[in-house]
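Open the model in your viewer and keep the selection tool at hand. The tour below goes from one selection to the next.

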Amino acid sequence: MMRSIITAAFLTALPAAAFAAPVNLTSWIENGLGGNNGAGTWTVQSGDDSVLQSSNGQPTVFFDPGANDQGQELQGTINVLGSGDDDYVGFVLGYQDGEMDSTNADFWLIDWKQRDQGAASVGLSLSHVTGDLTGSPANDFWAHIGTVNEVQRATNLGSTGWVDPQEYTFSLTFTSSLIEVKVDGVTELSWSQADNGGVAFTDGAFGFYNYSQNNVLYAGITQDVVVDPSAVPLPAGLPLMLAGLGAFGWMRRRQKT
């Protein structure tokens, strides 16, 4: 009985668990590189939590304007519906409206190439996008040079391309001190504030990214608060509560003897 009381008191004192909620994409918008808005054709699907990008064009992102998503985890699936091309699919993190046409961009790019092609390398990687994007430096995004500084290759998929048509599950964790990417439940990218020279990541929105790749479906998108159990402090009164319950149990045992 005493164990049940103590357990109930402890669980009651902890914050309520968070649950992933579907993301309504109807208010999300597109930005194209260098102000080329319309570089992508992003069509929200029935249910409002999925979107199809159907254009084969310049770099384009689809995101929630004004959102600041640090402390969140984005989940869903990605699938290239067809075998007509072999280029880039992926995501952006910490993105602010207009940064694809900014003189001072600062966001993170997660992109996945199906095959080697010229200066573009096959595989999944993380890059930091900074600097002037007003001149439409598409080759920077293609080759990961200049304004697009690649910082990490995926653990297992760093030199492996995506397969079409194949559905992959993804999970993106984004805080001020951690970027983590899982594909099919396996951690592929993990980049910390320490890896970033001690500099915290700037806040901004999650988004989807395509470059020269059409018929890409991002589906079943959900979002959840990141919960780090090691960072959850015990309420100030909890030790006293547990001590009191322990003393109560000791007194009951004394009475029975």
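## A tour of the aromatic pairs and cavities

Start by selecting phenylalanine 107, which is buried, with a relative accessible area of 0%. The model you are looking at is predicted.

Tyrosine 95 counts as buried because its relative accessibility is 1%, under the 20% cut-off. Tyrosine 95 and phenylalanine 107 form an edge-to-face aromatic pair, with 5.0 Å from centre to centre and 80° between the planes. Tyrosine 95 belongs to strand β7 (residues 88-95) and phenylalanine 107 to strand β8 (residues 105-113), 12 residues apart.

Now zoom out and show the whole chain as a cartoon. The chain has 3 helices and 15 strands. Of its 257 residues, 45% are buried. Among contacts between residues at least 6 apart in sequence, 72% join residues at least 24 apart. The accessible surface comes to about 12000 Å², and 53% of this belongs to carbon and sulfur atoms.

Return to the rings. The chain holds 17 aromatic pairs. For another of them, select tryptophan 42 and tyrosine 218, a tilted pair with 6.0 Å from centre to centre and 35° between the planes. This pair links strand β3 (residues 42-44), where tryptophan 42 sits, to strand β15 (residues 216-225), where tyrosine 218 sits; the two are 176 residues apart. Tryptophan 42 counts as buried at 11% relative accessibility, and tyrosine 218 counts as buried at 0%.

How many cavities of 30 Å³ or more does a search of the whole structure find? The search finds 2.

For the largest cavity, select Ile78, Phe91, Trp112, Phe170 and Val183, which lie nearest its centre among the 13 lining residues. The volume of the largest cavity is about 80 Å³. Strands β7, β8, β11 (168-174) and β12 (178-183) each supply at least two residues of its lining. By type, the lining of the largest cavity has 10 nonpolar residues, 2 polar and 1 charged.

For the second largest cavity, select Ile78, Asn79, Val80, Val89, Trp112, Trp162, Val163, Gln166 and Tyr168, which line it. The second largest cavity has a volume of about 40 Å³. Strand β6 (residues 72-80) gives the largest share of this lining, 3 residues. The lining of the second largest cavity divides into 7 nonpolar and 2 polar residues, with no charged ones.

Technical notes. Residues are numbered from 1 along each chain as its sequence is written. This is a predicted model: local features need pLDDT of at least 70, side-chain atom pairs count only at pLDDT 80 or more; totals for chains, interfaces and linings use all residues. Side-chain values use heavy atoms; hydrogens and water are left out. Helices (H or I, at least four residues) and strands (E, at least two) are DSSP runs, numbered from the N terminus. Buried means under 20% relative accessible area, exposed over 50%, partly exposed in between (1.4 Å probe, protein chains only). Contact means heavy atoms within 4.5 Å. Accessible areas come from the Shrake-Rupley method with a 1.4 Å probe; for residues, only the protein chains shown count as cover. Rings of Phe, Tyr and Trp (its six-membered ring) pair if their centres lie within 6.5 Å; planes under 30 degrees apart count as stacked, over 60 as edge-to-face and the rest as tilted. On a 1 Å grid over the protein atoms alone, a cavity is a set of points where a 1.4 Å probe fits but cannot get out, and a pocket is an open set with protein on both sides within 12 Å along at least five of seven lines; lining residues have an atom within 4 Å of a point. Grid points are joined across faces, edges and corners, and a volume is the space filled by probe spheres set on the points. Ala, Val, Leu, Ile, Met, Phe, Trp, Tyr, Cys and Pro count as nonpolar, Asp, Glu, Lys and Arg as charged, and the others, Gly among them, as polar.
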